Amino acid sequence: MPEHAQDPKTFYVTTPIYYVNDAPHIGHAYTTVAADVVTRWHRQRGERVWFLTGTDEHGEKVLRSAQEHDMTPQAWADSLVDGAWRPMLATLEVANDDFIRTTQERHTRRVQAFLQQLFDAGFIYEGDYEGPYCVSCEEFKLASELLEGPGGQALCPVHHRPVEMLAERNWFFRLSQFGPALLEHYADHPEAVAPTSARNEVLAFLRAGLEDLSISRSTFDWGIPVPWDPAQVVYVWFDALLNYATAVGLGDTDPAGAAMFAATWPADIHLVGKDILRFHAVIWPAMLMAAGLALPRQVFAHGWLLVGGEKMSKTRLTGIAPADIVDTFGADAFRWYFLRAIQFGADGSFSWEDLHARYTAELANGLGNLTSRVTAMLVRYCDGSVPVAEPGPAEVAVHEAMATALADADAAVEELRLADALAALYALVVATNGYLTEQQPWHVWRDVDTDPTARARVGTVLATAADALRALAVLLAAVMPSTAAAMWDSLGAHEALGPLADQRLADAARPGQLPAGTTVTKGEGLFPRIEESA
Ligand code: MSP
């Protein structure tokens with residue numbers, strides 16, 4: 001495994017910032033959970049990490065939803081952030097380091113300074129915009145991408161809602177001049193947009209040629225005023241993209257801010273849904289280039305959660321709230337299911353049946369049952385004290401399964417093949433269960449009074465299984481933090497080895513770490529059975 005701890009740069013992961021036009025659904029939770037798992041994995045490697053998420057609060061979409069609720073946009077945003085978006089993080093056990101809101105002064109001030117810098121450098125000019133706009137996407141559309149609706153109405157291809165025709169005098173960013181430099185950048189850094197399908201989409205888009213981008217709006221005022229023309233507000237995407245840099249001190253000259261920015265920027269991974277790939281892989285790097293800033297190491301576009309074959313969305317009334325799932329199955333099962341069942345990067349359909357089936361097979365009958373069997377036998381046969389192991393070939397095979405799980409999962413996380421990473425971890429559950437089934441310690445125990453080797457053999461098997469659970473707790477901590485913590489407690493590992501958070505992945509597969517004599521208790525079942533009708 002590479003020695004990551006030596007890297008002086010903080011490993012910086014972001015989610016998109018979410019529109020506060022409505023409460024979160026599981027599509028939003030999906031991006032956030034994926035980012036949390038990646039960040040926690042890197043943290044468990046011993047790296048310095050920074051994980052940013054937050055909310056996108058300006059623009060027409062948020063303004064209109066506030067108006068529909070007879071509230072000022074700020075009060076509306078406050079109520080959704082406090083009542084829905086921040087609580088979602090707690091519901092899902094997300095351990096973000098910072099939460100940025102685009103209405104915060106730290107953001108608006110830095111956006112204005114950035115804009116002024118680009119204006120002074122000649123990258124911004126005044127012009128007329130005329131064309132279609134989708135308020136749900138907050139995006140200027142090309143006529144060629146629109147769908148035809150009833151009565152010849154032009155519809156947004158994502159939301160299937162009518163686009164609006166705009167004709168405004170605006171400020172424009174000279175996006176068109178960055179096409180060749182972006183193509184060169186992506187040729188030099190093939191990993192900068194992933195997966196391959198996303199990279200190909202971006203390259204095709206760039207090769208077709210870019211148009212300059214309108215970056216201000218004059219017909220409403222819910223936004224950051226353009227510093228030299230306060231009658232206009234900054235286009236919401238131009239404002240929003242900058243959050244990734246403003247949150248870590250963009251442009252700060254005071255020592256603390258400047259040091260933070262130097263240690264954190266550029267972002268290592270911007271996780272985004274595929275619908276917002278172009279903003280992140282075309283507009284955002286062009287903005288950074290114009291300002292002479294380093295470009296993100298990678299933009300990774302994941303797929304959509306589908307309901308009835310369509311992107312799940314509140315607008316289309318197919319949204320499911322994360323708490324609907326978490327209240328029944330728990331946060332860890334939520335985290336496990338979505339990352340395990342869907343290849344990260346591809347679309348995936350959600351169904352309650354599939355969730356229930358995986359929960360039962362992999363968590364209740366798989367990991368949960370394994371943990372309760374091993375700890376129960378340790379309590380019954382060994383007075384709850386980890387016995388001494390005398391490893392033979394069967395034990396060495398378990399040790400190898402531990403090493404393989406770690407190596408495969410680590411390589412997969414590195415490439416954001418998250419479903420593969422979880423599959424690698426699950427293989428260790430299967431291997432440990434298989435080991436127990438073969439060794440049958442409960443069978444061997446029957447001869448304990450007549451066979452002088454029986455007690456030692458049972459001890460070896462249970463000590464080996466307990467140590468595999470110890471390794472699993474470390475490996476699963478990023479994906480299922482509460483489950484891993486409960487396993488750690490029940491194994492008595494905290495006393496013997498210290499806090500779970502201090503365990504390093506690089507050491508996790510080293511066998512025999514849970515010392516003989518450690519006190520094991522049989523904890524509560526990790527995954528209670530759930531009736532299918534639930
Ligand atoms: N505010 C912008 C992002 C600005 S980032 C500088 C935005 N917000 S959003 O709330 O509409 O969407 C945020 C993220 O949620 C996007 O990555 C989007 O892809 C994701 N999802 C929204 N619905 C989704 C699904 N049905 N499935 C998976 N992810 C989806 O866009």
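In the predicted model, a backbone N or O atom of glycine 273 lies 2.8 Å from an oxygen atom of the ligand. A backbone N or O atom of leucine 305 is placed 2.8 Å from a nitrogen atom of the ligand, and a polar backbone atom of methionine 312 is found 2.9 Å from a ligand nitrogen atom. Taken alone, the ligand exposes 650 Å², of which the protein buries 96% (Shrake-Rupley areas, 1.4 Å probe).

The ligand is surrounded by 25 residues, the closest being Ile17, Asp56, Gly273, Asp275 and Leu305 (a residue is near if one of its heavy atoms lies within 4 Å). This shell divides into 13 nonpolar, nine polar and three charged residues; Ala, Val, Leu, Ile, Met, Phe, Trp, Tyr, Cys and Pro count as nonpolar, Asp, Glu, Lys and Arg as charged, and the others, Gly among them, as polar. Strand E1 (11–19) supplies at least two shell residues, as do H1, helix H7 (236–241), helix H8 (243–246) and strand E14 (269–273). The largest share, four residues, comes from E1. Helices (H or I, at least four residues) and strands (E, at least two) are DSSP runs numbered from the N terminus.

Helix H14 (residues 393–414) has 22 residues. Just after H14, leucine 416 adopts a positive phi of about 55°.

Residues are numbered from 1 along each chain as its sequence is written. For this predicted model, local features need pLDDT of at least 70 and side-chain atom pairs count only at pLDDT 80 or more, while totals for chains, interfaces and linings use all residues; side-chain values use heavy atoms, with hydrogens and water left out.

Key
Expected span 1.5 Å × (residues − 1). Polar contact = N/O pair within 3.5 Å; in protein donor to acceptor, adjacent residues only side chain to side chain.
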